Amino acid sequence: VRVSVARARGLGKRELPFILRTILIAAIYYVAAQLGLELALIERNVTPLWPPSGIAVVAFLLLGRRAWPGVALGALIVNTPISTNILWAAITAAGNTIAPFLAAEVLKALGFRREIDRLRDAVAIVVAALGSMLVSATIGAVALAASGAIRWSGFASAWAVWWTGDAMGVLVVTPFLLSLFQVRRWARATWSDRVEAVALLTVLGATTAAMASSRPNMLFAVIPLVGWAAWRFQLLGSAPAALLVSVIATWAVDHGWGPFDDQRLFANMLTLQAFNATVALSSFLLAALVTERTRSRRALERAAAELEQRVRNRTAELRERERQLADAQQLAHLGSWQWLLQEGSITWSDEMYRIHGYLPQEFPMTFERAVEQVHEEDLPQIQANVAGALASDRSRALPNTEYRITRADGEERVLLGRARLEIGPDGRPSRMVGTVQDVTEDKRAQREHAIAETLQRSLLPEQLPMIPGVELAAHYVPASTEADVGGDWYDVIPLPNGHLGVAIGDVAGHGLRAAAVMGQLRMALRAYAVEETSPARVVARLQDLVRAHLFTEMATVLYLVFDLDTSVATFANAGHPPPLSIAPDGSARYLREVLSPPLGAGWVSSPVGDVTSARPPGSTLLLFTDGLVERRGVSLREGLDRLRHEAERAWPDLAEMCQHLVTSLLEPEVKDDAAILALRPVPLASVPLRLRLAPEPRSLAPLRHTMRRWLREAGADPRESFEIVVACGEACSNAIQHAHGSRGTPLEVELTLAGGQVEFKVRDFGSWRHEPTGGGLGLPLMEKLMDRVEVDRRTDGTVVRLRRRLRVGRIGEPARSR
Amino acid sequence: VSQLAHVEAESRRGLCVVRVRGEVDISNAAEVSDAIDRAVTNDGITVVLDLSGTTYLDSSGIQLLIQLAERLADRRHQLRLVVPEDSAVRALLDLTALDQVITVVARVEDAT
């Protein structure tokens, strides 16, 4: 595994094979050593600038411990010819290998970075160079002395030169070599930078050479130039500059130039090394400082740029949100406000200004201006709410308030205000925020809807009249959408002649207008129904009315008169769905015989015919509006078929039938309203007839109709029926005429059949103060027509009983069919 | 006139013929009476009141006929009632002995 990892790493870094690498390091080491030996001061093997040690450190830094064979080999080859024998050469070479290895290890331990761009890197390389090279200097100097190459008296100076040489080699050469790895930076540099760098190094070289060869020791004069290079180009400037200056200075010492010509070796060495060290240290420190500063400046700039971008983004975001909020407020007619209580300042959103009829932010808002449009009746409530909230010591919502404002142009609007009080950290009310919604249109729509609904409800009969012999049931389903009030209606009208008028209609459209038209039609029909006996005439007059008054609405109506006496229904239909006739056995069919056009503008009047239909007891007639059968995606014919299918069975209870039809035919969400009305003649004589009549003459005709039917079914022949009806009518007329003081208390009428004898009883609650009218004919007539007449006058009213035995043959046999 | 009864009049060969259809009771007796008065012209001396189409008549109706006969007599007019023999109203008139006060005939043609 380790092998494969190593190989993988090796392949990854594209490293040279071991042998080749070793030879290459050794070769570079050897060449550098030869260059260094050119500057040798003691014998031929101690030199004040020993580049190989710098090269070896770089090799260890780059390749790690693996570099040791190359370094050792190079050192051995270099030292062998200049040592007394191979043993001493090996010892020296070992020292030359261990020292750079230690230096590299020390650098790693100190966290050294090859870019030398921090102060600690510059310090680290100085420490490593000076410290580690003690090893090579000691080993080398001992070897020289021990082998007899120098005398022990010269040991100190040899050691010093060796140490400083190796240290300088590291200090000067290592940064230079490492700077070569940054040459890529030159590729990015501007031409003026490149020219400046070249010119600077040239001037530096020339200056150093000049100073080193001048008699007074003026070498320090190059320091500013070195500083310049370090300042401008950092490591790329300082490393070559240090190397250049060191090489030239060492060369000068070696050749006894200028300031070094007549001084002793040791003193010269000291001066040189101090100078070199100063140059190297100051240039690297400066370079590192500048780099560090540049880096922190860049980081700062980057942070600043980032911050600026974030601020820009945030600003844009806020602006966008503000715009969206304004849009939302405008769409919802919703304004918002804020009142800072401590500062006493009020701000309004744009929409608040618009709601109040101002231009957005037209003027600075004040409390006085904020409430100046509020209706004087509504202001106290708002003030009370605010005062109540301010007295509170915790944040809370104010009660929602609906109030009116009058704008500057006089227009009144209805607003719904919501507000909230917030308590500050100091426990005192800090601010109040709120929204205001313009609900004028909503209120108007609501009001109209309520009026229309009330109107329609009031127009539909609250309760169907109780008509003996007829069962009636009706059901009205309003449209489920709040906005719509339909124009469906129905009416049941007991007619003066004892017949029963039944109407059902539908005004096109919805809302207040439809409800109003419906009300007018219904009243007109009631009026015509009293005047006209023929339903066709009633409908024709409605047609005329509609045309004359130019209603734009289209309306359908079906009007039916049911003759209780004969059980025949006569009807006329103006554009309305046909009535459904359900026989007692449950079979159903539509009565489609005649259909006239609907009422309404644009329809040419056409004769409307009456249709008659005999309605035997137990048969049902179903009237309905199209809301019951119309359904989205379903044709009217299909709807009618569905209704017939649902209705086609024997229904004992009409109300139940209506309920069933509504439930089974209507969808849960009714778009249109629907009305349904059912009428069924029922057998009468099987049970006693008990009625309560208003004590008014107009009650008599309907009573006679009911009695005739009852008597017919009880088996009376027409002549008997006529006579009994006249007698009973006389009794009732008397009761009505003398029911003074009864305060409208209804008459109680009862008709029973027992053992072939008809008994009629009428009870009033009045006082017979006057003699009967009709010339006193009433009582004698009753006595002549009936078998027995009893008048029982009491203090609280009078009871009249009439009896007559029906002719033999049909006694107690109610006629079930005609 | 309300729906309960209809009153129509025509002049035929010097006769004023007034038809009363429907029902007469205390609710409309006064109205019917007024209508008959309006219908009666001075064209002839005989007023024929046709009750063939009258389906109901009670004591107030009989009272009306008696008073009408008296008013016409004051104006020197004669009243003839037309009531079919088999009608229920005829039986009623017989019961009240009205036929002894006013001439009752079965057909309009018999009224002359």
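In this predicted model, the side chains of A:D121 and A:R118 form a salt bridge with an N to O distance of 3.0 Å. Both A:D121 and A:R118 are buried.

Further salt bridges occur elsewhere, and the count over all chains comes to 55 by the rule applied.

| Residue pair | N to O distance |
|---|---|
| A:D121 and A:R118 | 3.0 Å |
| A:D117 and A:R113 | 2.6 Å |
| A:D792 and A:R794 | 3.3 Å |
| A:R704 and B:E23 | 3.0 Å |

The partners in these pairs can also be described by their accessibility. A:D117 has a relative accessibility of 8% and, because the limit for buried is under 20%, counts as buried. For the pair A:D792 and A:R794, the side chains meet at 3.3 Å, N to O. A:D792 is partly exposed at 32% relative accessibility, and A:R794 is partly exposed at 39%. Salt bridges with shared partners also link A:R407, A:E411, A:R413, A:D438, A:E441 and A:R444 into one network.

**Interface of chains A and B**

The contact between the chains involves 23 residues of chain B and 31 residues of chain A. About 2100 Å² is buried between chain B and chain A, and carbon and sulfur atoms give 61% of that area. B:Q3, B:I26 and B:Y56 supply 33% of the area that chain B buries against chain A, more than any other three residues. Three salt bridges are found across the interface of chain B and chain A. The elements that give two or more residues to the side of chain B touching chain A are β4 (54-57), α2 (59-74) and α3 (88-95) of chain B. One salt bridge between the chains joins the side chains of A:R704 and B:E23, at 3.0 Å, N to O. Between chain B and chain A, six residue pairs are in polar contact, both residues being at pLDDT 80 or more.

**Chain B**

Chain B contains three helices and six strands, which follow the pattern β-β-α-β-β-α-β-α-β along the sequence. Of its 112 residues, 54% count as buried. Among the contacts in chain B with a separation of 6 or more, 63% are between residues 24 or more positions apart. The accessible surface of chain B is about 4900 Å², with 46% belonging to carbon and sulfur atoms.

**Surface patch and local sites in chain A**

A:V106, A:L110, A:L119, A:V123, A:V127 and A:L289 make a nonpolar surface patch of about 420 Å². Helix α6 (residues 119-146) of chain A gives the most to the nonpolar patch, with three residues. A:L119 lies in helix α6 of chain A and is partly exposed, with a relative accessible area of 34%.

A:T752 is in strand β18 (residues 747-754) of chain A. With 17% relative accessibility, A:T752 counts as buried. Leaving out residues up to four places away in sequence, A:T752 touches A:P688, A:W710, A:Q757, A:V758 and A:E759.

A:A694 is in the loop between β17 (689-693) and α21 (700-714) of chain A, and A:A694 is partly exposed at a relative accessible area of 32%. The C-alpha atoms of A:A694 and A:L747 are separated by 6.3 Å, although the two residues are 53 residues apart along the chain.

Definitions and conventions: Residues are numbered from 1 along each chain as its sequence is written. Chains are lettered from A and ligands numbered from 1 in the order in which they are written. This is a predicted model: local features need pLDDT of at least 70, side-chain atom pairs count only at pLDDT 80 or more; totals for chains, interfaces and linings use all residues. Side-chain values use heavy atoms; hydrogens and water are left out. Patches are made of residues with over 30% relative accessible area and no salt bridge: like charges are joined within 9 Å, nonpolar side chains (Val, Leu, Ile, Met, Phe, Trp, Tyr) within 5 Å. Accessible areas come from the Shrake-Rupley method with a 1.4 Å probe; for residues, only the protein chains shown count as cover. A salt bridge is a side-chain nitrogen of Lys or Arg within 4 Å of a carboxyl oxygen of Asp or Glu. Helices (H or I, at least four residues) and strands (E, at least two) are DSSP runs, numbered from the N terminus. Buried means under 20% relative accessible area, exposed over 50%, partly exposed in between (1.4 Å probe, protein chains only). Contact means heavy atoms within 4.5 Å. Buried area is the accessible area (1.4 Å probe) that two parts lose on being put together, summed over both. A polar contact is a pair of N or O atoms within 3.5 Å; within protein, one must be able to donate a hydrogen and the other to accept it, and residues adjacent in sequence count only if both atoms are side-chain atoms.
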